[in-house]
Amino acid sequence: CNNYVLLKQIGHGAFGEIFLSFNLRDNIEVAIKREQKRIGKSVQLKTEAKVYQSLLNISQNQDLTGSIALSQETVHGVPKYYGVGELPDLSGYYLIMEFLGPNLNELFKFCGMRKFTISTCALLAIQMINRIENVHKHSFLHRDIKPENFMIGSQDASNVIYLVDFGLSKRYKNVRNNQHIPYREGRNLIGTARY
């Protein structure tokens with residue numbers, strides 16, 4: 001990632017860390033997610049990259065650097081995706097995406113009375129349902145719906161809700177015949193138990 005400078009860590013989860021970064025070539029702030037390799041575990045950033053590519057109609061081999069990335073078609077509520085790759089030291093993977101504002105949990109805590117108005121709840125719910133519906137239209141289930149995975153856009157898009165973190169996502173339709181995958185019993189919990 002020679003074109004990027006890591007400025008500071010802005011988040012972390014069970015599978016990796018997120019950094020506020022700066023793209024030196026295009027002079028824009030981006031978010032870089034980093035995931036370390038784990039023996040016997042699949043790489044979630046690769047799954048996440050495939051979902052972003054599907055939602056944004058990007059081919060897997062498309063070069064997303066420079067002006068191509070900046071002119072990427074805007075899909076309402078889907079952050080721009082700049083690429084995925086292996087870390088230079090081969091210890092893990094990175095994913096580069098648009099830098100967004102706070103998530104809904106942070107926004108809720110920021111509110112003085114820890115309370116959203118009814119109109120705010122309605123406006124949030126409409127956008128959140130639209131984001132989930134868009135993911136379903138592309139034959140994916142998110143499988144980790146929670147306030148931390150809905151984020152507010154930054155700058156001009158501060159009234160837009162974005163759905164992020166597709167590392168646990170899975171196709172629910174077969175891409176070849178568009179048939180729903182079979183139902184199975186006895187599966188372990190996927191996602192966040194609280195939600």
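How much space lies in the largest pocket? I am working from a predicted model. I looked up the volume and found about 920 Å³.

Next I checked the lining. I found 38 residues around the largest pocket. His12, Ile18, Glu148, Asn149 and Asp165 lie nearest its centre.

I turned to helix 4. The helix runs over residues 118-137 and has 20 residues. From its first C-alpha to its last, helix 4 reaches 28 Å, close to the 28 Å expected at 1.5 Å a residue.

Which residues of helix 4 are buried? I listed Leu124, Gln127, Arg131, Asn134 and Val135. They cover an arc of only 100° around the axis, so they sit on the same side of helix 4. I jotted down the general rule: an α-helix has 3.6 residues a turn, so residues three or four places apart point the same way.

I looked at the other side of helix 4 too. There, Ile118, Ile126, Ile129 and Lys137 are exposed.

What covers the buried residues of helix 4? The cover includes helix 1 (44-55) and helix 3 (104-110). It also includes strand 6 (140-141), strand 7 (150-152) and strand 8 (161-163).

My last entry is on Ser139. This residue comes just after helix 4 and takes a positive phi of about 70°.

Definitions and conventions. Residues numbered from 1 in each chain as written. Predicted model: local features only at pLDDT ≥ 70, side-chain atom pairs only at ≥ 80, totals over all residues. Heavy atoms only, no water. Helix = DSSP H or I, 4+ residues; strand = E, 2+ residues; numbered from the N terminus. Expected span 1.5 Å × (residues − 1). Buried < 20%, exposed > 50% of the residue type's maximum accessible area, 1.4 Å probe, protein only. Arc of directions from axis to C-beta. Contact = heavy atoms within 4.5 Å. 1 Å grid on protein atoms, 1.4 Å probe; cavity = no way out; pocket = protein on both sides within 12 Å on 5 of 7 lines; lining within 4 Å. Points joined across faces, edges and corners; volume = space filled by probe spheres on them.
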